[in-house]
Amino acid sequence: MPLLSATGIDKRFGGVVALDGAGFSCEAGEIHALLGENGAGKSTMVKVLCGVHPPDAGTISYGGETVTFRGPSDAVAAGIVPVFQELSLVPDLTVAENLFIGEEPRTRLGLVDGKRMKREAGALLVGLGFVGIDPGALMRDLSLADRQLIEIAKAMRRQPKVLVLDEATSALNRRQVQQVFSVVRRLCEEGVAVVFISHRMDEVRDLCHRATIFRDGVNVGTVDVAKARDSEIVHMMIGRTLRET
């Protein structure tokens, strides 16, 4: 039984059909890619799964039960934690403050325990292999790549049961990508489901078990990444075979 699945999902934005009876499923301990051209519907699907967009029709099943998320906080509380390409960090707060925002550790008097927060933030980053980032640094002073790593660390602190990475490695260099992949593989071994969106086929082949391909708002098929040829995946994505000229 899939840990997370969606069936018959419709989503429209005005006159634009983003999803048209689309489906998706991911099992516990699986790293599952969503592939497709820009506008194919993959990001809309994960935003429906994460409670960002309510579906116009269809059902979402999580842990064997039909669920309705009234917003992203409902999904996060249930264990479905997204990392989107659009960062949600506050530039004028420190790394530690961003990691613990809204959940700051407190002293006995109820005050924010800044020392503890900084110490725990540092331990989290080191544990993930994200070394060299100062927990006391202001977010605005960090590189885009380091900010993206902080966004991933923020999601990891929530101990997800389903981790959604939507182009979350786009600003990272090769070493940083491999650090993130090491974390993702460890989650997989612990039974966490990971949904991975990337335009980089080498990343998909390096990391993912299966891939579901979207085209024009529809799921056109799911393949075993290790067995599928690039030409097969491209054909599913664009609906035709590319020919060299």
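Which residue in S10 is the bridge partner of Ala 211? The bridge partner of Ala 211 in S10 is Val 223. The views below come from a predicted model, in which local features need pLDDT of at least 70, side-chain atom pairs count only at pLDDT 80 or more, and totals for chains, interfaces and linings use all residues. Residues are numbered from 1 along each chain as its sequence is written, and side-chain values use heavy atoms, with hydrogens and water left out.

View 1. Strand S9 covers residues 210–215 and strand S10 covers residues 218–224; the two pair in the antiparallel sense over six bridges. Helices (H or I, at least four residues) and strands (E, at least two) are DSSP runs, numbered from the N terminus. Two strands count as paired if DSSP finds at least two bridges between them. Two residues lie between the strands of this hairpin, where Asp 216 takes a positive phi near 55 degrees.

**View 2. The open sheet.** Six strands form an open sheet of mixed pairing, in the order S6-S7-S8-S3-S9-S10. Strand S6 (80–83) and S10 stand at the edges with a single partner strand each, so one side of each is left without a neighbour in the sheet. Neighbouring strands of this sheet are turned by 20 degrees against each other on average, direction ignored. Axes are lines fitted to C-alpha atoms, for helices over the stretch in contact, and angles run from 0 to 180 degrees between N-to-C directions. Strand S3 (residues 31–35) runs parallel to S9 and is joined to S9 by four bridges. His 32 stands opposite Arg 210 in S9.

**View 3. Helix H1 on the sheet.** Helix H1 (residues 42–49) lies across S3, S6, strand S7 (162–166), strand S8 (193–197) and S9. H1 runs at about 150 degrees to S8.

**View 4. The largest pocket.** This pocket has a volume of about 270 Å³. On a 1 Å grid over the protein atoms alone, a pocket is an open set of points where a 1.4 Å probe fits, with protein on both sides within 12 Å along at least five of seven lines; lining residues have an atom within 4 Å of a point. A volume is the space filled by probe spheres set on the points, which are joined across faces, edges and corners. Of the 13 lining residues, Val 76, Pro 82, Phe 84, Ser 88 and Glu 151 lie nearest the centre of the largest pocket. Helix H2 (72–78), S6 and helix H5 (144–157) each supply at least two residues of the lining.

**View 5. The second largest pocket.** About 170 Å³ of space lies in this pocket. Its lining has 14 residues, and the closest to the centre are Gly 39, Ala 40, Gly 41, Lys 42 and Ser 43. H1 gives the most to this lining, with four residues.

**View 6. Loops on either side of S7.** Gln 159 lies in the loop between H5 and S7 and has a positive phi near 50 degrees. Gln 159 is exposed, with a relative accessible area of 67%. Glu 167, in the loop between S7 and helix H6 (174–189), has a positive phi near 55 degrees and is buried at 11%. Buried means under 20% relative accessible area, exposed over 50%, and partly exposed in between (1.4 Å probe, protein chains only).

Definitions and conventions. Contact means heavy atoms within 4.5 Å.
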